[in-house]
Amino acid sequence: MSASKRKKLLAGNWKMNIRLAEVEPFFTAFSDVLKAGQSDHVDILFAAPFTQLNATLAASRARGFAVGAQNMHFEASGAFTGEVSAAMLTDIGVRTTLVGHSERRQYFAESDEAVAKKTVTALANAITPVVCVGETLEERKSGATFQVVSRQLETVFKAVKNHGPLANREAFYPGDLTDSIVIAYEPVWAIGTGLSATLEQAQEVHGFIRKVCGDIFGAEFSFRLRILYGGSANLANIAGLLAQPDIDGGLVGGASLKPADFATMCNAAKR
Ligand code: PEP
């Protein structure tokens with residue numbers, strides 16, 4: 001299989017945006033711009049706030065888009081006020097979630113260990129975790145990018161490896177996305193700042209992530225792994241990003257709130 005055979009994945013991270021009344025109009029506007037047959041080239045995922053998941057599922061299912069949460073807790077149940085479990089997500093048909101988004105790490109003190117536990121819990125519940133990693137501006141400036149990204153990844157991958165095989169998961173995975181796990185490289189300094197990584201910077205870290213994954217899970221699995229870029233991806237830079245050999249899609253915040261723009265970005269994806 002050549003690298004170009006990995007199907008692209010464009011994931012919109014709505015963050016704490018999109019009111020209920022906006023959901024259906026969003027999908028109408030999005031679908032008006034999305035090219036017919038584009039689903040052959042790109043899987044499209046919307047990570048919606050918890051309270052909007054049902055409406056987002058209802059609007060997107062018939063149109064063939066996947067829906068994910070933005071977070072979940074690693075425990076199965078209990079005294080965790082304000083949290084939502086993996087089973088609660090699968091109860092309503094959600095089969096994907098972001099894990100370890102930098103805003104969760106930064107504002108809600110999520111540690112590498114918590115991110116690893118969430119990843120394991122997601123996998124155990126047949127939920128595809130989109131695991132976010134990335135360095136801060138200070139870390140990049142001090143030359144620590146690879147050290148930070150490998151620490152974040154290895155904490156997750158080792159926890160997954162200790163928990164059981166990833167390899168069998170596709171066989172029982174019933175969701176919209178066929179991956180067992182997706183990685184998103186999101187340099188923290190590029191998120192919501194308008195400052196995107198250059199194509200070279202992004203490709204360099206994506207290639208590194210694939211290598212770290214290969215060292216732990218083997219070449220075949222790492223070759224199939226979809227690695228998304230996130231950090232001010234937009235109409236102007238998406239085609240260049242998607243043309244990089246190890247960039248398999250995007251995790252898109254701000255630009256995913258504009259349905260026509262996000263659909264145009266999805267139209268840029270080629271298999
Ligand atoms: C994100 O929220 O994951 C993100 C990448 O945001 P933005 O595209 O706005 O930088």
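How much space lies in the largest pocket? The answer is about 480 Å³. A pocket is an open set of points on a 1 Å grid over the protein atoms alone, with protein on both sides within 12 Å along at least five of seven lines, and its lining residues have an atom within 4 Å of a point. A volume is the space filled by probe spheres (1.4 Å) set on points joined across faces, edges and corners.

This is a predicted model, in which local features need pLDDT of at least 70, side-chain atom pairs count only at pLDDT 80 or more, and totals for chains, interfaces and linings use all residues. Residues are numbered from 1 along each chain as its sequence is written, and side-chain values use heavy atoms, without hydrogens and water.

Select Lys15, Met16, Gln70, Arg104 and Phe108: of the 16 residues lining the largest pocket, these are the closest to its centre. Next, select helix α4 (residues 102-107), which gives the largest share of this lining, 3 residues; helices are DSSP runs of H or I with at least four residues, and strands are runs of E with at least two, numbered from the N terminus.

Now turn to the sheet. Its 8 strands form an open, parallel sheet in the order β3-β2-β1-β8-β7-β6-β5-β4; two strands pair if DSSP finds at least two bridges between them. Select β3 (66-68) and β4 (96-99) at the edges: each has a single partner strand, so one side of each is left without a neighbour in the sheet.

Finally, select β5 (residues 128-133), which 4 bridges join to β4 in parallel. Here Pro129 stands opposite Thr97.
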